[in-house]
Amino acid sequence: MAESRHQTKSRPATLVRRREILDAAQEIFGSKGFANGTLQDIAEQVGMTHAGILHHFGSKDQLLLEVLEHRDQTDVVDLDGGRIPGGMELFRHLVHTAMMNMRRAGIVQAYAVLSAESVTDDHPGRSYFEHRYTVLRKDLREAFERICQERGITEPGSIAHGSAAILAVMDGLQIQWLLDPTAVDLGRASEFAIEAIVAAVVEPRRSVLADG
């Protein structure tokens, strides 16, 4: 019984400690990358030993995956049921996320660095990012399809291109903003691009780039 009481009391402290490690890992990986950011760097930042980090997360690879999962949770923490919405609300949510990202540069930088690194051979985050983009493209495609159904649109623009383009624009603008936040308004530029892409899909018109 005494052991049970001890575990109950220590659990909140353990959760707080894990959160501190995740925050430190996010900062280290964001500034140095996964390959160059070491567990010792993270341990020193939170006042622990290398072995202490491994006690909580088991391995550097596992820590990376939990950093990425932690990042995902911050995107939906304010949403009903912790799930992203559908239809037009999904695109509004993406604009809101871009606005929020202007206040959390550390998270944005870690994501940008780790996603770029994930294309390299044997990177432990590759499967995560492949799955993430697959799921996001699917969510966006379904949102477009729902809007078209609701509005009776039978010949929309390319939903597949639109879905991929929104993700590409958001990621690309984040990099520009990280390099020079005074030159790029991440929120407004993201809103402009997302609105333009959504309009091109649900209200297709003759391309302004076409000859003549």
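1. A word on confidence to begin with: pLDDT is the predictor's confidence in each residue, from 0 to 100. This is a predicted model, and its chain averages a pLDDT of 88, with 91% of the residues scoring at least 70.

2. Among the elements of the chain, helix H1 (residues 2-36) has the lowest mean pLDDT, 76, while helix H8 (residues 159-179) has the highest, 97. Over residues 1-10 the pLDDT falls below 50, and this stretch makes zero contacts in the model beyond near neighbours in sequence. Where pLDDT is low, the predicted coordinates should not be read in detail.

3. On the overall fold, the chain has nine helices and zero strands. Its C-alpha atoms fill a box of roughly 75 × 40 × 35 Å along the principal axes. Of the 212 residues, 39% count as buried. Among contacts between residues at least 6 apart in sequence, 67% join residues at least 24 apart.

4. Helix H5 (residues 88-101) packs against helix H7 (residues 126-151) at an angle of about 135°, with the axes 8 Å apart. From H5, Met88, Leu90, Phe91 and Leu94 meet Asp139, Leu140, Ala143, Phe144, Ile147 and Arg151 of H7. By class, this contact has eight nonpolar, two charged and no polar residues.

Conventions: Residues numbered from 1 in each chain as written. Predicted model: local features only at pLDDT ≥ 70, side-chain atom pairs only at ≥ 80, totals over all residues. Heavy atoms only, no water. Helix = DSSP H or I, 4+ residues; strand = E, 2+ residues; numbered from the N terminus. Contact = heavy atoms within 4.5 Å. Axes fitted to C-alpha atoms, helices over the stretch in contact; angles between N-to-C directions. Nonpolar A, V, L, I, M, F, W, Y, C, P; charged D, E, K, R; others polar. Buried < 20%, exposed > 50% of the residue type's maximum accessible area, 1.4 Å probe, protein only.
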